[in-house]
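Me: I have a model open and want to go through it piece by piece. Can you take my questions as they come?

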Amino acid sequence: EHLKSFDPILKNALERIDDVYDIKLLAIYDIDSLGKWSDGAPDIDIEHVQHSKSKDWSRIHRTLMDADIGLVPAGGSLSYDARDELLRQTTDLFTPWTRNDYIQRFKSNSNAGRAFVFMQLGIPVVATPISELRFVIDEGKTGFTAMTEEAWVDSITRLHQSVQLREGIARNAYELMNGRYS
């Protein structure tokens, strides 16, 4: 279901990043039932991985450990046009934050579960700022949040360019998640 409504803002961000760097998206889903994802997919290298119906978590774990960055986009209850307008009208209220910052103050139709998995595995996360994540993502320390295309590009690029940053965020997120939720 998530792939059918893949975030067009993230899609554009990934394509922009791919113009500069050679990146690959790892997509784990039920290919047998859903068919190979193409509609709305970014025009970049995508590795399609069959999700195990037998719940072979060790295979999924090994596959995820090949990832450098965990992406957790989440649609909200507002359209992207409405979000852009809300962001435009409220940016001045949130100073000294930048235009790339965003507080999502409405119910999201997603949850933080995918971010929790990445963080527990020590994979740095860039996620849409849904309310559940405010307790675990300390911006730049345990992950990044992104709502706009610029924020996705900035966060992913920073992590892509710096092994030290990726490792530091991964370690902090792992320690937080395993200390708090073990």
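Me: Start with Met 65. Buried, partly exposed or exposed?
Reply: This is a predicted model. In it, Met 65 has a relative accessible area of 39% and is therefore partly exposed, since that class lies between 20% and 50%.

Me: Where is Met 65 placed?
Reply: Met 65 sits in the loop between H3 and E3.

Me: What does Met 65 touch, leaving out residues up to four places away in sequence?
Reply: Leu 121 and Ile 123.

Me: Phe 118 is in H5, then. Which residues of H5 are buried?
Reply: Helix H5 covers residues 113-120, and its buried residues are Ala 115, Phe 118 and Met 119.

Me: How are the buried residues of H5 arranged around its axis?
Reply: Looking down the axis of H5, the buried residues fall within an arc of 95°, so they line one face of the helix.

Me: Is Pro 124 buried or exposed?
Reply: Buried, because its relative accessible area is 3%, and buried means under 20%.

Me: Which residues does Pro 124 contact, leaving aside neighbours within four places?
Reply: Pro 124 is in contact with Asp 68, Ile 69, Gly 70, Leu 159, Arg 166, Ile 169 and Ala 170. As for Arg 166, its C-alpha atom is 6.0 Å from that of Pro 124, although the two are 42 residues apart along the chain.

Me: Moving to H6 and H7. At what angle do they pack?
Reply: H6 and H7 pack at about 105°, and their axes are 5 Å apart. That angle makes H6 roughly perpendicular to H7.

Me: Which residues meet there?
Reply: From H6, Arg 158, Leu 159, His 160 and Gln 161; from H7, Val 163, Leu 165, Arg 166 and Ile 169. Leu 159, Arg 166 and Ile 169 are also among the contacts of Pro 124.

Me: And how do H1 and H6 pack?
Reply: Helix H1 (residues 8-20) packs against H6 at an angle of about 45°, with 8 Å between the axes. That makes H1 oblique to H6, and the crossing is right-handed.

Me: Which residues make that contact?
Reply: On H1 they are Ile 9, Leu 10, Asn 12, Ala 13, Leu 14, Arg 16 and Ile 17. On H6 they are Glu 149, Glu 150, Trp 152, Val 153, Ile 156 and Thr 157.

Me: Thr 157: buried or exposed?
Reply: Thr 157 is buried, with a relative accessible area of 15%. Beyond four places in sequence, Thr 157 touches Ile 17 and Tyr 21.

Me: Back to H3. What about Thr 63?
Reply: Thr 63 lies in helix H3 and counts as buried at 13% relative accessibility. Setting aside neighbours within four places in sequence, Thr 63 is in contact with Leu 26, Ile 28 and Val 49.

Me: Change of topic: what is the overall make-up of the chain?
Reply: Seven helices and five strands. From the N terminus, the order is α-β-α-β-α-β-α-α-β-β-α-α. The chain has 182 residues, 40% of them buried. Of the contacts between residues at least 6 apart in sequence, 58% join residues at least 24 apart.

Me: What average pLDDT does the chain have?
Reply: The chain averages 82, and 76% of the residues score at least 70. Among the elements, helix H4 (residues 80-90) has the lowest mean pLDDT, 59, while H6 (residues 149-161) has the highest, 96.

Me: Where is the pLDDT below 50?
Reply: Over residues 94-108. That stretch has 32 contacts in the model beyond near neighbours in sequence. Where pLDDT is low, the predicted coordinates should not be read in detail.

Definitions and conventions. Residues numbered from 1 in each chain as written. Predicted model: local features only at pLDDT ≥ 70, side-chain atom pairs only at ≥ 80, totals over all residues. Heavy atoms only, no water. Buried < 20%, exposed > 50% of the residue type's maximum accessible area, 1.4 Å probe, protein only. Helix = DSSP H or I, 4+ residues; strand = E, 2+ residues; numbered from the N terminus. Arc of directions from axis to C-beta. pLDDT = per-residue confidence, 0-100. Contact = heavy atoms within 4.5 Å. Axes fitted to C-alpha atoms, helices over the stretch in contact; angles between N-to-C directions. Parallel < 35°, antiparallel > 145°, perpendicular 65-115°, else oblique. Left-handed = near helix turned anticlockwise from the far one by under 90°.
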